[in-house]
Amino acid sequence: MMIRVLDSTLREGEQTPGVYMDSHVKQEIARLLDAVGVDLIEAGHPMVSDDIRIAVRDVARLDLNAAIVAHARSLRGDIEAAVETGVGMIGLFYCVSDDRLDTVFRTSLREAIDQITDSIRYAKRLNPKLMIRYTPEDTVRSPFINVVEAASEAVAAGADVISVADTTGYMMPGVRSMYDYVSRLREALNARNADPVIAVHCHNDRGLALANALDGCRAGATIVDATVLRLGERTGITDLAELLFNLHDGFGENRWNLPALNELYRIVSKYSYFPISKNHPLVGENAFTHNAGVHTHAWIKKNSHYESVDPALVGRRSSVCLDNMSGVASVKFALERMNVPDIDDRMILCLLNEVKAIGRRGRAVDEAELGLLVRSYRQSLTLLRRAE
Ligand code: HCA
Ligand code: CU
């Protein structure tokens, strides 16, 4: 079963505290997401503000391969605004927990379900070709029977996708498992003659968003939500690069242009003012950099001794870095890679001493700085010879 990826950087991602993206930036991000080959792009919630509504419309007009999704509450006004943007899909949400309905919305489950089904029918009337996703917000912590009732009626009213939202990052593999949840939900819906596409939307409050998302896929979820740089409310949701790589590596999904992730991450980082952390898997500066002497020594002999991810797959090249952890092998390797002529043992040892001293001051030496050290070494050698 093909697994599709929905990127929500432009909707969930913009809910990150302090993050705002102008329409021209959103359009560029959407183009880059399309170049990566993401299947669905959630572009925003048109009812939030005029500029967001216009940005969703602008993204929908780009004519990308990806389907464009607008987010909406289960209200006719939200649906009209979403339909007018020209998107191909609407994601509706409404909570189904009795407690929330009672205290926040002062309504009953019955009334909430009527509102949900009315919204779905209304949207399909406005545009019969529209795809509809319904998300019972905080799905996994809501009474299961309420989720099943709301979801099955939503499907009967025309919803194509039911999304399981772990809105608070509560799930945990093997303990409160997304695998079990998705399996159980599919069975319960099938028993009511509903067989929707299941999506998963996993927040990262416990650092388990990716693990839970993959667990959902194992149970048959075929749409997974993600954002670039794990942006989103609080600690964000599943990271796009990590998700795509793992679907590629573990689930046989090979449709994506993974090297294109580098430019996408660079642009999102630039305009969200969110740095790409050095140790971010796949796209971080250090993702393929080897440091300790023992590692570099073995890695030089055979890369796979210390690499389980082929850097070329994601358009990267591995390297060694030099600091207090470095040994003779890493210095020699770096010099050879830089095509430095006349390398000898004495030179390597001198450079290693310098590198270790810099490393102890809390900095790593890159190739450019190693070049400076080589020049300085040669300079002092000349002076020494002259003095002799
Ligand atoms: C939100 C909450 C949401 C909705 C997900 C969805 C969540 O910000 O509105 O509509 O599929 O995590 O539950 O992002
Ligand atoms: Cu969310």
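These legends describe close-up views of a predicted model. Local features need pLDDT of at least 70 and side-chain atom pairs pLDDT 80 or more, while totals for chains, interfaces and linings use all residues. Side-chain values use heavy atoms, without hydrogens and water; residues are numbered from 1 along each chain as its sequence is written, and chains are lettered from A and ligands numbered from 1 in the order in which they are written.

**View 1. The two domains of the chain.** The domain assignment, which is automatic or from a database, gives domain 1 (4-272) and domain 2 (289-387). Their C-alpha centres are 46 Å apart.

**View 2. Where domain 1 meets domain 2.** Five residues of domain 1 are in contact (heavy atoms within 4.5 Å) with six residues of domain 2. Between domain 1 and domain 2, no salt bridges are counted (a side-chain nitrogen of Lys or Arg within 4 Å of a carboxyl oxygen of Asp or Glu). On the side of domain 1 that touches domain 2 there are three nonpolar, two polar and no charged residues; here Ala, Val, Leu, Ile, Met, Phe, Trp, Tyr, Cys and Pro count as nonpolar, Asp, Glu, Lys and Arg as charged, and the others, Gly among them, as polar.

**View 3. The surroundings of ligand 1.** Residues around ligand 1 (a heavy atom within 4 Å of it) include H71, F93, E137, H201 and H203.

**View 4. Side chains facing oxygen atoms of ligand 1.** An N or O atom in the side chain of R11 is 3.1 Å from an oxygen atom of ligand 1. For Q15, a polar side-chain atom lies 3.0 Å from a ligand 1 oxygen atom; for T135, the distance is 2.7 Å. Ligand 1 alone exposes 360 Å², and the protein buries 92% of that (Shrake-Rupley method, 1.4 Å probe).

Technical notes: A polar contact is a pair of N or O atoms within 3.5 Å; within protein, one must be able to donate a hydrogen and the other to accept it, and residues adjacent in sequence count only if both atoms are side-chain atoms.
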